[in-house]
Protein chains: 2
Amino acid sequence: MNAPRTRIQAENRARIAAAALDVFSAEGFRGATVDAIAERAGMSKPNLLYYFPTKDAIYREVLERLLDDWLAPLRALDEAGDPVQEIAAYLDRKIEMARDFPAESRLFANEMLRGAPNMIDVLQGDLRALVREKAKVIRAWSAAGKIARVDPYHLIFAIWATTQHYADYDVQVRAVLGDDGEGRFHDGAAFLRKLFLDGLRPR
Amino acid sequence: MNAPRTRIQAENRARIAAAALDVFSAEGFRGATVDAIAERAGMSKPNLLYYFPTKDAIYREVLERLLDDWLAPLRALDEAGDPVQEIAAYLDRKIEMARDFPAESRLFANEMLRGAPNMIDVLQGDLRALVREKAKVIRAWSAAGKIARVDPYHLIFAIWATTQHYADYDVQVRAVLGDDGEGRFHDGAAFLRKLFLDGLRPR
DNA sequence: CTTTGTCTTGACCATCCGGTAAAATCGACG
DNA sequence: CGTCGATTTTACCGGATGGTCAAGACAAAG
């Protein structure tokens with residue numbers, strides 16, 4: 001069943017993965033029930049288990065489907081572009097993802113909080129390599145005087161943290177700001193651009 | 001049983017709360033089992049349930065014990081101090097908390113991810129009021145030209161996000177950096193000070 | 001239409017888990 | 001020491017949940 005062989009299989013596996021993303025991200029792995037995922041996918045539990053053998057398998061599938069999209073914004077950081085604009089654009093892409101794919105962000109957050117039992121290998125492998133590569137780019141920008149001399153790793157962490165915060169801590173942000181439609185994403189993006197480029201100290 | 005009447009009660013309730021903090025923060029509410037908390041506290045499950053009537057009650061107790069400590073760093077932001085130093089000091093305090101009390105941070109993160117079912121009233125009440133008050137202070141600093149004109153709410157979010165990231169995403173940070181003892185907290189603090197004060201654009 | 005493999009369902013099982021009951025043990029105080 | 005309330009333990013219950021099974025419904029190909 002690893003490679004979908006029929007149209008129905010492809011459709012249903014996709015529907016299940018979408019439903020599972022919602023449920024897992026909102027309830028955590030343990031809090032999500034197979035029944036809840038099945039109901040959200042519009043099918044019975046045994047039917048769902050016809051497509052995925054175990055709850056774990058569903059979870060792993062969801063994680064896998066996410067990974068590429070998740071790292072795409074960092075991958076797109078372009079050595080050849082203008083450094084300041086590249087970083088501003090990276091911030092924007094990440095804020096957009098927090099706005100448009102909050103469930104994905106929360107799923108990752110849940111996995112991290114538990115110690116990444118299903119992703120530790122990816123973190124230490126592909127992710128680490130990608131970050132190292134981009135850190136090199138950032139360091140070169142620093143050396144060329146295009147941006148300030150800062151630790152590129154912690155810069156990347158700060159970009160992740162500030163942008164994903166709008167998805168992961170959405171309740172808190174909304175509680176503090178009051179309900180603002182989606183204005184918080186726009187205002188947050190503007191603030192972050194200013195923060196990352198110019199900081200707080202008056203010039 | 002709300003107010004401990006004996007020495008043993010006070011001791012055991014404290015031991016249970018400490019154990020529960022560890023288990024809840026690592027596994028999430030649903031992932032934590034009463035048995036696991038009891039074992040970690042060094043007692044049997046029925047014994048634990050002699051001190052707290054339900055799993056929910058344990059969880060609420062843990063949240064309550066945390067709240068004051070959690071908001072203390074923001075409360076300490078002093079209108080009368082030097083703005084730049086006040087913000088730098090706030091960053092430092094928050095980074096220290098991420099290093100010294102990561103379980104607390106992760107517990108909050110778990111609660112936020114689920115939509116804060118047990119804290120939404122606090123968020124919309126005390127927290128919101130406190131943030132509003134401090135936002136006013138920050139805005140006054142901006143108006144006086146002591147710091148740049150930025151949205152004070154999003155500034156506070158950014159401080160929370162960047163500092164708590166070192167607790168909540170600890171696995172990821174360690175996977176990317178390799179094991180570094182606790183150097184990441186020192187380096188992170190230095191980076192954040194520079195980021196928040198001066199930004200990335202070369203001067 | 002019929003056949004054959006795909007898909008779906010209802011009934012069911014075993015385990016985990018939150019919580020209870022009641023008896024046994026402990027410990028502070030007279 | 002003896003008493004009595006505080007504490008702890010053993011045994012247990014019922015519902016939730018992950019997963020199975022066997023039979024039925026369905027779709028595609030001849």
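**Salt bridges, buried polar residues and a negative patch**

Across all chains, the count of salt bridges comes to 28. The model is predicted. Side chains of opposite charge can pair when their charged atoms come close. Individual pairs are described below, after the overall build of chain A.

Chain A contains 10 helices and 0 strands. Read along the sequence, its pattern is α-α-α-α-α-α-α-α-α-α. The C-alpha trace of chain A spans about 65 × 40 × 30 Å along its principal axes. Chain A has 203 residues, and 55% of them count as buried.

A:Glu11, at 42%, is partly exposed.

In chain B, a salt bridge joins the side chains of B:Asp170 and B:Arg184 at 3.0 Å, N to O. This pair links distant parts of the chain. B:Asp170 sits in helix α9 (residues 170-177) of chain B, and B:Arg184 sits in helix α10 (residues 183-198) of chain B. The two are 14 residues apart. Both B:Asp170 and B:Arg184 are buried. For B:Arg184, the relative accessible area is 7%.

B:Arg184 also meets the side chain of B:Asp180 in a salt bridge of 2.9 Å, N to O. B:Arg184 is buried because its 7% relative accessible area is under 20%. B:Asp180 is partly exposed, with a relative accessible area of 26%. In chain A, salt bridges with shared partners join A:Asp170, A:Arg174, A:Asp180 and A:Arg184 into one network.

Helix α10 of chain B also holds B:Asp198. Its side chain joins that of A:Arg201 in a polar contact of 3.0 Å. This contact therefore pairs a residue of chain B with a residue of chain A. At 17% relative accessibility, B:Asp198 counts as buried, because the limit is under 20%.

At 4% relative accessibility, B:Ser25 counts as buried. Its side chain reaches the backbone oxygen of B:Leu21 at 2.9 Å.

A:Asp68, A:Asp69, A:Asp121 and A:Asp126 form a negative surface patch. Two helices of chain A, α4 (55-75) and α7 (120-143), each supply at least two residues of the negative patch. A:Asp121 is found in helix α7. With 53% relative accessibility, A:Asp121 counts as exposed, because the cut-off is over 50%.

Methods. Residues are numbered from 1 along each chain as its sequence is written. Chains are lettered from A and ligands numbered from 1 in the order in which they are written. This is a predicted model: local features need pLDDT of at least 70, side-chain atom pairs count only at pLDDT 80 or more; totals for chains, interfaces and linings use all residues. Side-chain values use heavy atoms; hydrogens and water are left out. Patches are made of residues with over 30% relative accessible area and no salt bridge: like charges are joined within 9 Å, nonpolar side chains (Val, Leu, Ile, Met, Phe, Trp, Tyr) within 5 Å. Accessible areas come from the Shrake-Rupley method with a 1.4 Å probe; for residues, only the protein chains shown count as cover. A salt bridge is a side-chain nitrogen of Lys or Arg within 4 Å of a carboxyl oxygen of Asp or Glu. Lys and Arg count as positive and Asp and Glu as negative; His and the chain ends are not counted. The place of a charge is taken as NZ of Lys, CZ of Arg, CG of Asp or CD of Glu. Helices (H or I, at least four residues) and strands (E, at least two) are DSSP runs, numbered from the N terminus. Buried means under 20% relative accessible area, exposed over 50%, partly exposed in between (1.4 Å probe, protein chains only). A polar contact is a pair of N or O atoms within 3.5 Å; within protein, one must be able to donate a hydrogen and the other to accept it, and residues adjacent in sequence count only if both atoms are side-chain atoms.
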